[in-house]
Amino acid sequence: MAVLHVIGASLLLPAAAVQHVIEWHDLYDAGSEPHEEHYTVGDSVMFRWMGSENHNLMNVSKSAYTNCVENGAMLNDGRSTGQIEQVVDFPKTGEFYFLCSVGSHCNKNQKINITIDPDTTCNSAKMMYPSKDAAEAKGSMCDPPVNGSHKMGSCWILGDSHGACGGMKHDMPSPPPPAAPGDDDAPCFARGSTTACRVTRGTSAAEAFPQCFGDAPSTTAEAVLMSSLTAGDLVLASPASVTRVLLNQHVPSKSTSHFVTLHFGGGELALTPDHVLELDGEWAPAREAKAGSRLSNGRTVERVTDARSGIINPLTASGTILANGVVASVYPEWISTHMLSSKLYPLPLSACNLLTYLFPAPAQTFYDAAIEPLFDGGRATYRKYLEVVPPALVTPAIAALDGLIAAAFVLPPALVVAALAVATRGPRK
Ligand SMILES: [Cu+2]
């Protein structure tokens, strides 16, 4: 973490520089889409991987990056054992290019283009500005006008001491527009770092919880990486309830996504920004979490950082799952209200649920082979389908999708794939 300047009792913190985490191994063989991130000047990135995964990290020129040429500065040759954490600082704006030069890893897309943007967050209600001129221009608008400015961190502060502006003759700059929905729609957990509590049949939640999260010996329950779950597994849905995994989404997927990581006393949980979890006792998307937000486990979020990582998402019959000890839904924001308020249908009384209950292994195999590729890379299709449907018809619409997926077990796969492709196209305009 970068330096935080705390001046007296005031809360005039310059935009705190952030350390971003890139799970370097997850980028290897991760589709053909370019990996790109935008960070802010002063931020740093921790490239993280295991020594046994045989990668290195080079900082290269744009052309070396484009053509995967091993020509640049070797930042870490990856020869150490255990977890490697290579931190790169970005004190200046610009475009930066990184790749792994082991074998054909770069050609397999293990590379990333990081753009470092100027710090625009100075333009905040805290009277911080990106330049002296901007601060003093704002000062002239104050009522009465405020003269002078001083520098703190990478921002300029209005006035001599604490940026006081008695009243504004003009409104403050409007906040940036919310990020458009896009690649971050997938309701996922970070693949490499999220565990669930898997229990054996007949084990109660009260017996399982201390085995996964306490000191009790692990006999009938164990914390496992979510990516190892499969249809039919029993997991804790909350500290007090057990649920069944209907299907584990994205098991074969090589996609990566942007994540927010919530750090709390004793642990962390990384989710895609619109993945819904319990914050301050309410269901809310992960991107709304901030320092001070209370999690379901009674812990408080200490800070929020971001990461790029592989994806995983077990769908459960209850619609929730205990992830690293925290109650999270298995849905993204746009559908969670409907799904979490639905007591009977679509879950748990859906055709899919029944089929995965009766035939868990074939259901998971079928999903991995036939359904996952349909939505991988085009993850907004469920959403496109349901967004055009009036609220009253959402349940029938889900039923139609559910029926189609369930039909997959009795119809030739090609027919189902064709039908799903038509169904997810939505109504013609
Ligand atoms: Cu590599």
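Helices (H or I, at least four residues) and strands (E, at least two) are DSSP runs here, numbered from the N terminus. On that basis, the protein chain comes out with ten helices and 23 strands. Keep in mind that this is a predicted model: local features need pLDDT of at least 70, side-chain atom pairs count only at pLDDT 80 or more, and totals for chains, interfaces and linings use all residues. Residue numbers start from 1 along each chain as its sequence is written.

**The chain overall**
- Of the 429 residues in the protein chain, 40% are buried, meaning that 20 or more other C-beta atoms, placed from the backbone, lie within 10 Å of the residue's own.
- Two residues are in contact if their C-beta atoms, placed from the backbone, lie within 7 Å. Among contacts in the protein chain with a separation of 6 or more, 67% are between residues 24 or more positions apart.

**Cores**
- A nonpolar core is a set of buried Ala, Val, Leu, Ile, Met, Phe, Trp, Tyr and Cys residues joined through C-beta atoms within 7 Å. The largest one holds 73 residues, and Cys 197, Val 235, Leu 236, Leu 271 and Leu 322 touch the most other members.
- This core takes at least three residues from each of domain 1 (19-119) and domain 3 (184-340), with the bounds coming from an automatic or database domain assignment.
- There's also a second, separate core of seven residues, including Cys 155 and Trp 156.
- Setting aside neighbours within four places in sequence, Leu 236 is in contact with Cys 197, Val 199, Ala 205, Ala 208, Phe 209, Cys 212, Val 242 and Leu 322.

**Helix H4**
- Ala 208, Phe 209, Cys 212 and Phe 213 are buried in helix H4 (residues 205-213). Looking down the axis of H4, these buried residues fall within an arc of 105°, so they line one face of the helix; the arc is that of the directions from the helix axis to the C-beta atoms.
- The buried residues of H4 pack against strands E13 (195-199), E14 (221-225) and E15 (234-238).

**Sheet and hairpin**
- Strands pair if DSSP finds at least two bridges between them.
- Elsewhere, E19 (residues 275-279) and E20 (residues 282-285) pair in the antiparallel sense over four bridges. They form a hairpin with two residues between them, and Asp 280 in the turn has a positive phi of about 50°.

Technical notes:
A residue is buried if 20 or more other C-beta atoms lie within 10 Å of its own, exposed if 12 or fewer, and partly exposed in between; C-beta atoms are placed from the backbone.
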